[in-house]
Amino acid sequence: SIPLKVPITLPSGVTYEQPTGLFIGGQFVPSRQHKTFEVINPSTEEEITHVYEARVDDVDVAVAAAKHAFEDSWSTADPEFRARCLYKLADLVEQHAEILASIESLDNGKSLLCSRGDVDLVSKYLRSCAGWADKMFGRTIETGSTHFSYTRREPLGVCAQIIPWNFPLLMWSWKLGPALATGNTVVLKPAEATPLSALYASQLVQEAGIPAGVVNILPGFGKLIGERLCTHKDIKKVAFTGSTATGRHIMRTAADTIKKVTLELGGKSPNIVFADADLDKAVRTIAFGIFFNSGEVCCAGSRVYVQDTVYEEVLQKFKEYAESLKVGDPFEEGVFQGAQTSQMQIDKILDYVEIGQGEGARVVTGGERLGDKGYFVKPTIFADVTEDMRVVKEEIFGPVVTVSKFSTVNEVIEMANDSEYGLAAGIHTKDVNKAIDVSNRVKAGTIWINTYNDFHQSVPFGGFGQSGIGREMGAEALDNYTQVKAVRMSI
Ligand code: NAD
């Protein structure tokens, strides 16, 4: 057993109380079997703390609490009340922004710069969802004078939400926001590598006045409790963000009980630089596209395509820019790229560097670990690649990018679309017609023109192809958490 709160001292010298329990029915509790697991600081490879590990019996208790909260109050609450709770939660996130950002950098390894950006979007998104709560409209349908017909949008019930370790708090908000605004209750499982921010934020959920049982947080392992969440008869929907392989498995597992499933999965997104682009801006943007968040981004622009007439120039500028980025201690001022999140992840990245070299790709810069403590990798650029190489085809999920050459629009569209994924794409050009033409023909859920990794709470995000099903953020996210009821009345 461990205490339900432990003091943790951040690199800034500030000490805070970290909850370690499961958050069920509005309280922090130990797991029923009193199992715990270790949480590692990826920048030092040292233990931060232990937290309780939920097991199958804990899932059942949490689902029962969520079901009770759904039926008892939340699904039928005045939407204005739900809105007020979410506005309050957004305010609290803002008030706790610095501590939340620090927890995120400690647990995930990302730079404080990235964490602060995440937390900013968290509060904006929660506020955006709050605004939707009392704007869920049905329709009246003209069906003649003998009948009156209309639709209502009703919540689904208890939703399981399974999130990854690359944006722990941001994914917490992308999942909770639309579910709560529309009257659902949730059991959310953070990734085992990064449970701390969601547990800390559970205190804010309480303080915001969100009734007990509406939000339940279960740290634990995917293969055990993730599976249980996907088969539990009282769970009506599974919302998942993570790898395509796990997404595929979840879809199969959830099929037996016909749960609604939304998936936000992997990618291998193309980032296209045309010769007429503002090349300096394009280089900064493609660098941000791949090195932001240490490359652990589902929509990372990991395949760069440069028009042949400017290929050498762009490659040279890209190399210089990548080498100028400060990599290291996430808490140090000016650091852009922190640590990769886990041993597993850095091993995978370094394996891919070897695979790429074995395939004949040239390392222009990077390609190696930085320092001997912590999971740091240098920003890495591969050139002289061919489209059939594994480093061009497969998601690496780290600061590793391939650069290819093209000559015509048709050629680059074919290269861009030659992927089972379809999450995002970038286009760099000053020619508006070309930008629109290419954006219409590239198969991806998000197209960024002269920008990249540029999220907005009102703009939907999600994948084509094997990058997923459903959308996060924007009005579309709400559709994934409601079902339409048609009412037809004889008069
Ligand atoms: P993962 O997809 O296995 O894990 C994501 C979440 O799913 C975690 O909370 C995990 O506990 C849970 N999970 C795992 N197995 C489960 C199961 N059988 N049933 C229910 N839930 C389950 O990802 P990972 O193993 O942590 O990382 C592997 C690779 O996935 C990475 O190297 C990266 O390429 C990719 N990835 C992509 C994203 C993304 O946003 N696209 C996020 C994380 C990882």
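Author: Let us begin with the classes: Ala, Val, Leu, Ile, Met, Phe, Trp, Tyr, Cys and Pro count as nonpolar, Asp, Glu, Lys and Arg as charged, and the others, Gly among them, as polar. In this model, which is predicted, the shell around the ligand divides into 11 nonpolar, 10 polar and six charged residues.

Reader: Which residues come nearest to the ligand, and which elements give two or more residues to the shell around it?

Author: Of the 27 residues around the ligand, those that come nearest are Gly 222, Gly 226, Gly 242, Ser 243 and Cys 298. The elements giving two or more residues to this shell are α7 (222-231), α8 (244-255) and α11 (343-358), and α7 gives the most, with five.

Reader: How are α7 and α8 oriented to each other, parallel or oblique?

Author: Angles under 35 degrees count as roughly parallel, and 65 to 115 as roughly perpendicular. Here α7 and α8 pack at about 40 degrees, with their axes 8 Å apart, and are therefore oblique to each other. The contact is made by Gly 222, Glu 227, Cys 230 and Thr 231 from α7, together with Thr 246, Ile 250, Thr 253 and Ala 254 from α8; by class, it has three nonpolar, four polar and one charged residues.

Reader: Which residues does UniProt list for the aldehyde dehydrogenase domain?

Author: An unreviewed UniProt entry lists residues 28-487 under "domain: Aldehyde dehydrogenase". Over residues 28-487 the chain is 41% helix and 20% strand, while the end C-alpha atoms lie 41 Å apart.

Notes: Residues numbered from 1 in each chain as written. Predicted model: local features only at pLDDT ≥ 70, side-chain atom pairs only at ≥ 80, totals over all residues. Near = placed C-beta within 6 Å. Helix = DSSP H or I, 4+ residues; strand = E, 2+ residues; numbered from the N terminus. Axes fitted to C-alpha atoms, helices over the stretch in contact; angles between N-to-C directions. Parallel < 35°, antiparallel > 145°, perpendicular 65-115°, else oblique. Contact = placed C-beta atoms within 7 Å. UniProt positions renumbered as here; feature names shortened; annotations may be inferred.
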